[in-house]
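Subject: Structure handover

Hello,

Here is the structure I promised to pass on. Please open it first, then read my notes below.

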Amino acid sequence: MCLKKMNKKRGLSPVVATVLLISIVIIIGLIVFFWFKGITHEAITKFDGTNVKLVCGDVSFQAQYTDGRLLVSNDGNVPIYKLKAKMEGAGSYTTVTVGESDSSWPPIGLNQGDTYNGALNINGATKILLIPVLAGQTDSEGKKSYTCDESQGKEIVVS
Amino acid sequence: MEKKRLGKKGMSVVIGYVLLVTFGIIMGGIVYTYLKSYVPSEIDKCPDGVSLFVKDFTCVNNQLNLTIKNNGKFNLQGYFIHATNNSNQTLATINLAKYFNALLSGDGVSNNASIYFKTDPNEDFSPGDIANEIFSNVPAIYSIELTPVRIQKIGGTERLVSCGSAKISEVLTCS
C-alpha cells in the first residue's frame with residue numbers, strides 16, 4: 001500500500017508537465033519565428049502590394065551616353081526612383097548614383113514618360129550598367145528603396 | 001475498470017482534431033502572408049494595336065504644327081512629346097509639352113508632362129481621329145518622339161498608361 005502511494009507521487013504532476021510543455025513550445029516557436037524573420041527580411045511592396053522584386057521586371061527605360069551626358073527616358077509605367085551607374089573600366093569598376101553629385105535628378109524620380117539629361121563623369125570607363133532603384137513600402141519602416149538586380153539593368157557601351 | 005482507464009489515456013479525439021485544424025490554419029496564414037506579395041498583379045501595359053501617326057508637320061519661326069492621326073485600334077487620351085536638338089542624340093529628352101498652345105490648337109490641354117488631345121482629359125481620341133497640335137516658342141530641335149498614352153481600367157481603378165512600345169520618331173527640318 002505504501003509502495004503504491006510512493007509510486008503515484010513520483011515525478012511532475014500532470015498540470016505542471018502540461019504547463020512546462022506549452023511554455024517550451026511557445027518559447028521554441030518564438031525563437032524559430034524571430035530567427036526566420038531575421039533571415040527572410042520584410043517584403044518591400046509597390047502598387048497594390050506587389051513585391052518590388054517582381055516590379056523590377058516591368059521597368060522599361062532607354063538610355064544613351066553622348067558628349068559626356070547621360071540621357072534617360074522612362075518608357076514604362078513604373079516610376080524609377082533613382083538610377084545607379086556601374087562604370088566598368090580597365091580591371092575595375094565604380095558605382096555612382098546618377099545625378100546625385102549635381103542634384104540634377106528629379107527628387108521624386110522619373111515618372112511615366114519623364115526624361116533625364118545630365119552630366120556623368122565616367123573616368124575612362126568603357127561600359128556603363130544602369131541599374132534602376134525603385135521606391136516601395138514596408139509595413140514596419142514605411143517608404144524604402146530597393147535596388148533591382150543587375151540583370152534588370154541596361155548596359156551602354158561607350159565608344 | 002481496466003477498459004475504462006485505457007479509454008481515458010491521452011488527448012480526446014476531438015481535441016486532437018481541433019489542434020490539427022488550428023495548426024493547419026495558422027500555418028496557412030503564415031505562408032499566405034509571406035507569399036502574397038509574390039503573386040503578380042495586373043500590370044499596366046498597353047495593348048499591341050496602339051498607334052499614332054504624324055500625318056503632317058510644319059516647323060517655321062519657332063512654331064511647330066503637327067497633324068496627328070490615331071491609326072491604331074484603340075482609343076487614346078494623349079501623348080508625351082520630347083525632342084532632340086542635334087543628330088548625335090538618339091534619345092529625345094527636351095520636353096515639348098510646356099510649349100503646347102491650346103488656344104491655337106483649338107482643342108487639347110497640357111499638364112507640362114503630357115498633352116491630352118481633348119480639353120476634357122477623359123474624352124477619347126478614337127481610331128481614325130485627327131488632331132492639329134500647335135507648339136509655340138519651341139527651341140531649336142532636330143527630331144521629335146511621341147509616346148501615346150491612354151487611360152486603362154486596372155484592378156477597378158482607371159490609370160494613365162504610357163505606351164512605350166508604340167513610340168514614334170520623326171526627324172524635322174525647321175526653318
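Chain A has a radius of gyration of 28 Å, whereas a compact globule of 159 residues would have one near 15 Å. Please keep in mind that this is a predicted model. Along its principal axes, the C-alpha trace of chain A spans about 105 × 40 × 25 Å. Of the 159 residues in chain A, 30% count as buried.

Now the make-up of chain A. There are 3 helices and 10 strands. Along the sequence they run α-α-β-β-α-β-β-β-β-β-β-β-β. Take the contacts in chain A with a separation of 6 or more: 58% of them join residues 24 or more positions apart.

Chain B has been assigned two domains: domain 1 covers 2-38 and domain 2 covers 52-171. Their C-alpha centres lie 62 Å apart.

Next, where the chains meet. In chain B, 24 residues are in contact with 24 residues of chain A. On the chain B side, β3 (78-84) and β9 (157-162) each give two or more residues. The largest share, 3 residues, comes from β9(B). By type, this side of chain B divides into 8 nonpolar, 13 polar and 3 charged residues.

Last, the core. The largest nonpolar core has 59 residues. Those with the most contacts inside it include A:Val72, A:Ile80, B:Tyr79 and B:Ile144. β3(B) gives the most to this core, with 4 residues. Leaving out residues up to four places away in sequence, A:Val72 touches A:Phe61, A:Ala63, A:Leu83, A:Leu110, A:Thr115 and A:Tyr116.

Best wishes

How values were computed:
Residues numbered from 1 in each chain as written. Chains lettered and ligands numbered in written order. Predicted model: local features only at pLDDT ≥ 70, side-chain atom pairs only at ≥ 80, totals over all residues. Contact = placed C-beta atoms within 7 Å. Nonpolar A, V, L, I, M, F, W, Y, C, P; charged D, E, K, R; others polar. Core = buried A, V, L, I, M, F, W, Y, C linked by C-beta atoms within 7 Å. Buried ≥ 20, exposed ≤ 12 C-beta atoms within 10 Å, placed from the backbone. Domains from an automatic or database assignment. Rg over C-alpha atoms; globule rule 2.2 N^0.38 Å.
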